[in-house]
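I opened the model to take notes on its fold, its helices and its aromatic rings. The entries below follow the order in which I looked things up.

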Amino acid sequence: MNNKFILTNIIRFSVLMALQVLLLNELPLGRAYIMIYPLAILLLPVFTPRLAVLVLAFLTGLIIDMFSNGGGLHTASLTLIGYGRSYILDTFQPRSGWDKLDVPNLSQQGVTWFFYYTLIGFSIHHLAYFFLEVFSFANFFPTIFKTLISLFGTLLLVWMISLFFMKDIKE
């Protein structure tokens with residue numbers, strides 16, 4: 001990894017966290033809660049060591065919790081994504097395998113791949129977040145409804161951001 005690569009990821013983390021804390025946490029959306037900060041973890045290079053991903057996920061979640069009174073919900077759900085990310089990448093690995101410099105983004109992997117990757121990643125995150133928030137299965141269907149509404153809004157924003165920053169689509 002070169003310095004440009006590291007600088008790009010630092011800027012991405014900073015912008016996504018600032019966008020989450022300063023704008024998205026303040027939007028009055030009713031039952032929906034748009035959370036785009038997991039994108040910073042999902043877009044890390046494929047061969048980022050698992051321990052580094054876990055530490056980054058934990059610290060990012062901790063910072064989001066400090067600024068949004070999350071009580072550890074963001075930290076727990078984002079650390080879960082950091083742990084599960086490598087399994088998702090292994091499942092959706094290209095036939096030729098991953099290249100050393102591959103990044104799981106829209107430009108390099110294509111629309112379909114990126115759709116399923118973000119759908120699974122954000123679904124895991126949102127389910128963990130909202131079920132930890134209620135800490136019970138008593139309100140199962142309202143929690144699923146809240147998760148689906150939030151997931152739809154989040155993915156819509158994530159794909160718009162990804163389309164805005166993509167260079168060329170692979171497909």
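**Entry 1**

I started with the cut-off: a residue is buried when its relative accessible area is under 20%, exposed when it is over 50%, and partly exposed in between. The model is predicted, so I treat every value here as computed from it.

I then looked up Val46, which sits in the loop between H2 and H3. Its relative accessibility is 10%, so Val46 counts as buried. Next I asked which residues Val46 touches, leaving out those up to four places away in sequence. The list is Arg85, Leu89, Trp98, Asp102, Val103 and Pro104. Two of these names came up again when I went through helix H4: Arg85 and Leu89 are among its buried residues.

I also took a distance from Val46 to Ser162. They are 116 residues apart along the chain, and their C-alpha atoms are separated by 17 Å.

**Entry 2: the whole chain**

How many helices and strands are there? I noted seven helices and zero strands. Read along the sequence, the pattern is α-α-α-α-α-α-α.

For overall dimensions, I noted that the C-alpha trace spans about 45 × 30 × 30 Å along its principal axes. I compared the radius of gyration with the globule rule. For 171 residues the rule gives a value near 16 Å, and the protein has 16 Å, so the figure agrees with a compact globule.

Buried residues make up 44% of the 171 residues. I also looked at contacts between residues at least 6 apart in sequence: 71% of them join residues at least 24 apart.

**Entry 3: helix H4**

I went through H4 in detail. The helix covers residues 73–91, which is 19 residues. From its first C-alpha to its last, H4 reaches 26 Å, close to the 27 Å expected at 1.5 Å a residue.

Where does H4 bend? I found a bend of about 40° at Gly84. Gly84 is also one of the buried residues of the helix.

The buried residues of H4 are Leu73, His74, Thr75, Ser77, Leu78, Ile81, Gly82, Gly84, Arg85, Ser86, Ile88 and Leu89. I had a general rule in mind while reading that list: an α-helix has 3.6 residues a turn, so residues three or four places apart point the same way. What covers these buried residues includes helix H2 (38–42), helix H3 (50–68) and helix H6 (111–134).

Ala76 is also in H4. Its relative accessible area is 35%, so I put Ala76 down as partly exposed. From Ala76 to Tyr116 I noted 40 residues in sequence and 23 Å in space, C-alpha to C-alpha.

Tyr83 has a charge over its ring: Arg50 lies over the face, at 5.4 Å from the ring centre.

**Entry 4: aromatic rings**

I counted the aromatic pairs and got eleven. Tyr129 and Phe130 form one that is edge-to-face, at 5.1 Å centre to centre with 90° between the planes. Tyr129 is buried, with a relative accessible area of 5%, and Phe130 is buried too, at 1%.

The rings of Phe131 and Phe140 have their centres 5.7 Å apart and their planes at 35°, so I recorded this pair as tilted. Is Phe131 buried or exposed? At 16% relative accessibility, Phe131 counts as buried. Phe140 is at 33%, so it counts as partly exposed.

Both rings belong to one aromatic cluster, which is formed by Phe131, Phe137, Phe140 and Phe141.

**Entry 5: positive phi in two loops**

Last, I looked up backbone angles. Asn69 has a positive phi of about 50° although it is not a glycine. Asn69 lies in the loop between H3 and H4, and at a relative accessible area of 72% it is exposed.

Phe135 likewise has a positive phi of about 50° without being a glycine. Phe135 lies in the loop between H6 and helix H7 (140–165). With a relative accessible area of 69%, Phe135 is exposed.

Notes. Residues are numbered from 1 along each chain as its sequence is written. This is a predicted model: local features need pLDDT of at least 70, side-chain atom pairs count only at pLDDT 80 or more; totals for chains, interfaces and linings use all residues. Side-chain values use heavy atoms; hydrogens and water are left out. Rings of Phe, Tyr and Trp (its six-membered ring) pair if their centres lie within 6.5 Å; planes under 30 degrees apart count as stacked, over 60 as edge-to-face and the rest as tilted. Buried means under 20% relative accessible area, exposed over 50%, partly exposed in between (1.4 Å probe, protein chains only). A charge sits over a ring if NZ of Lys or CZ of Arg is within 6 Å of the ring centre and within 35 degrees of the ring normal. Helices (H or I, at least four residues) and strands (E, at least two) are DSSP runs, numbered from the N terminus. The expected span of a helix is 1.5 Å times one less than its number of residues. The bend at a residue is the angle between axes fitted to the seven residues ending there and the seven starting there. Contact means heavy atoms within 4.5 Å. The radius of gyration is taken over C-alpha atoms; the globule rule is 2.2 Å times the number of residues to the power 0.38.
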